[in-house]
Amino acid sequence: MTIFEAVIIAIVEGLTEFLPISSTGHMIIASSFLQISSDPFTKLFEVAIQFGAILSVVVLYWKKFFPLNRFNFYFKLIVAVIPALALGAFFSDKIDELLESPLTVSITMLVGGFILLFIDKLFQQHTIEKEENISFFKAFTIGIWQCVAMIPGISRSAASIIGGMQQKLTRNLAAEFSFFLAVPTMAAATGYKLLKAYKDSPDLLFDKHNLMVLAVGNLVAFIVALLAIKFFIGFLQKHGFRLFGWYRVIVGAVLLALVLTGYLK
């Protein structure tokens, strides 16, 4: 992977990680268009640059994460991330197989788009406006919803936000809790991939070019994700999810046509 390719993929990651449009799906499609080979380092890179996106959440919401004596806040995140950790441990290989499928992404983009078109009307009774009022049971339930996003193209952000709204969280609080939940979820995924790479192919991590690519990718993802989160919260307050739904439907339909005609493999 070249530095240029790393920058493009990192921009895609930063833009889409916290929007309900699937960062993994967009990275798969971007890699396909750039004709980047699906080698072990590419798979590692697409997960490892999530670390940059994680830092953007911690920086923007530093008052939530610091000081470190907010035990209830951290316990809720731990409870919420348990389902993803459990399923990820059991189905890691299967998930890796799905990560190579543009067909899977196109279908899930379409399905997720239709859901977002109606999500604002489907969950209209919002009674929880503050993170302090989210119970451990609700946090765990949102964590279960998040697991749906293990299918590429679903969107971790969309799944957890829908889960939050289904649990009576306001639209904005559901989005913010989705951001908070991303930190332990993505940190675990990144750590697991790095540890696995270190055990299986240590040369991947100690190669100077690969280290440079990872550093540049994380920096770009961090900066772009900062901007994307600020945009998303502001847009969500005014317009809701409908535009994101139409975006997913259109992109999903185009991708499906490209896959079925053999242009995208």
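## Model confidence

The structure is a predicted model. Mean pLDDT over the protein chain is 86. A score of at least 70 is reached by 95% of the residues.

Helix α8 has the highest mean pLDDT, at 95. The lowest, 78, belongs to helix α11, residues 202-206.

## Nonpolar cores

The largest nonpolar core holds 42 residues. Phe 177, Phe 179 and Phe 232 have the most contacts inside it. Helix α10 supplies the largest share, ten residues.

Leaving out residues up to four places away in sequence, Phe 232 touches Phe 18, Leu 19, Pro 20, Ile 161, Ala 175, Phe 179, Phe 241 and Phe 244. One of these partners, Phe 179, is also among the residues with the most contacts inside the core.

A second core is separate and has 21 residues. Its members include Ile 9, Leu 44, Ile 49 and Ala 197.

## Salt bridges around Glu 131

Eight salt bridges are found in the whole structure. Glu 131 takes part in a bridge with Lys 64, at 3.2 Å from N to O. Glu 131 sits in the loop between α7 (102-122) and α8, while Lys 64 belongs to helix α5 (residues 62-65), so this pair ties together parts 67 residues apart in sequence.

Glu 131 also bridges to Arg 70, with an N to O distance of 3.1 Å. Arg 70 lies in the loop between α5 and α6 and Glu 131 in the loop between α7 and α8, so the tied parts are 61 residues apart in sequence. Is Glu 131 buried or exposed? Its relative accessibility is 4%, so Glu 131 counts as buried.

Lys 196 and Asp 200 form another salt bridge, at 3.2 Å from N to O. Both residues are in helix α10 (residues 171-200). They are four residues apart, so about one helical turn separates them.

Their accessibility can be set side by side. Lys 196 has a relative accessible area of 33%, so it is partly exposed. Asp 200 is at 53%, which makes it exposed. Elsewhere, salt bridges with shared partners join Lys 64, Arg 70, Lys 76, Glu 131 and Glu 132 into one network.

## Nonpolar surface patch

Which residues make the nonpolar surface patch of about 660 Å²? They are Phe 71, Phe 75, Ile 78, Ile 82, Phe 136, Phe 140 and Ile 144. Helices α6 (71-98) and α8 (136-146) are the elements that give two or more residues to the patch. Helix α6 provides the largest share, four residues.

Ile 82 is one of the patch residues and is found in helix α6. Its relative accessibility is 42%, so Ile 82 counts as partly exposed.

Terms used: Residues are numbered from 1 along each chain as its sequence is written. This is a predicted model: local features need pLDDT of at least 70, side-chain atom pairs count only at pLDDT 80 or more; totals for chains, interfaces and linings use all residues. Side-chain values use heavy atoms; hydrogens and water are left out. Patches are made of residues with over 30% relative accessible area and no salt bridge: like charges are joined within 9 Å, nonpolar side chains (Val, Leu, Ile, Met, Phe, Trp, Tyr) within 5 Å. Accessible areas come from the Shrake-Rupley method with a 1.4 Å probe; for residues, only the protein chains shown count as cover. A salt bridge is a side-chain nitrogen of Lys or Arg within 4 Å of a carboxyl oxygen of Asp or Glu. Buried means under 20% relative accessible area, exposed over 50%, partly exposed in between (1.4 Å probe, protein chains only). pLDDT is the predictor's confidence in each residue, from 0 to 100. A nonpolar core is a set of buried Ala, Val, Leu, Ile, Met, Phe, Trp, Tyr and Cys residues joined through side-chain atoms within 4.5 Å. Contact means heavy atoms within 4.5 Å.
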